[in-house]
Amino acid sequence: GLHVDNGFCYGFNATATRIWALIETPRTVSVLCSELAQDYAVTADAARGDVVALLEELEREQLVTLTPA
């Protein structure tokens, strides 16, 4: 993703790129994990840890905003 405000360009792997595309439309972490589970043939629970870690990293970089469901 390109973050114009701070002049940084971030490189994502294929899964992170898919997550970035999905969160263009706000959705809950549970829905996001369910969609990824279908894409990658894993359980939503298996995806959750990695998804949350990525979202928290993106929030630290001020690329996303996490709000309570």
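Residues 24 or more positions apart account for 34% of the contacts in the protein with a separation of 6 or more; contact means heavy atoms within 4.5 Å. This is a predicted model: local features need pLDDT of at least 70, side-chain atom pairs count only at pLDDT 80 or more, and totals for chains, interfaces and linings use all residues. Numbering starts from 1 along each chain as its sequence is written, and side-chain values use heavy atoms, with hydrogens and water left out.

**Exercise 1. State the fold order and where confidence is lowest and highest.**

Step 1. Along the sequence the pattern reads β-β-α-α-α.
Step 2. Take pLDDT, the predictor's confidence in each residue, from 0 to 100. Its mean over the protein is 85, and 84% of residues reach 70 or more.
Step 3. Confidence is lowest in strand β1 (residues 2-3), at a mean of 47, and highest in α2, at 93.
Step 4. Where pLDDT is low, predicted coordinates should not be read in detail.

**Exercise 2. Check the span of helix α2 (residues 29-40).**

Step 1. The expected span is 1.5 Å times one less than the number of residues.
Step 2. For the 12 residues of α2 this should give 16 Å.
Step 3. The end C-alpha atoms of α2 are 16 Å apart, which agrees.
Step 4. Ala 41 follows α2, with a positive phi near 55°.

**Exercise 3. Find the buried residues of α2 and what covers them.**

Step 1. Buried means under 20% relative accessible area, exposed over 50%, partly exposed in between (1.4 Å probe, protein chains only).
Step 2. In α2, the buried residues are Leu 32, Cys 33, Leu 36 and Ala 37.
Step 3. They cover an arc of only 140° around the axis, which puts them on the same side of α2. The arc is that of the directions from the helix axis to the C-beta atoms.
Step 4. Their cover includes α1 (14-22) and α3 (44-60).

**Exercise 4. Describe the largest nonpolar core.**

Step 1. Such a core is a set of buried Ala, Val, Leu, Ile, Met, Phe, Trp, Tyr and Cys residues joined through side-chain atoms within 4.5 Å.
Step 2. The largest one has 13 residues; among those with the most contacts inside it are Ile 19, Leu 36 and Leu 54.
Step 3. α1, α2 and α3 each supply at least two residues of this core. The largest share, 5 residues, comes from α3.
Step 4. Leu 54 touches Ala 16 and Ile 19, not counting residues up to four places away in sequence.

Conventions:
Helix = DSSP H or I, 4+ residues; strand = E, 2+ residues; numbered from the N terminus.
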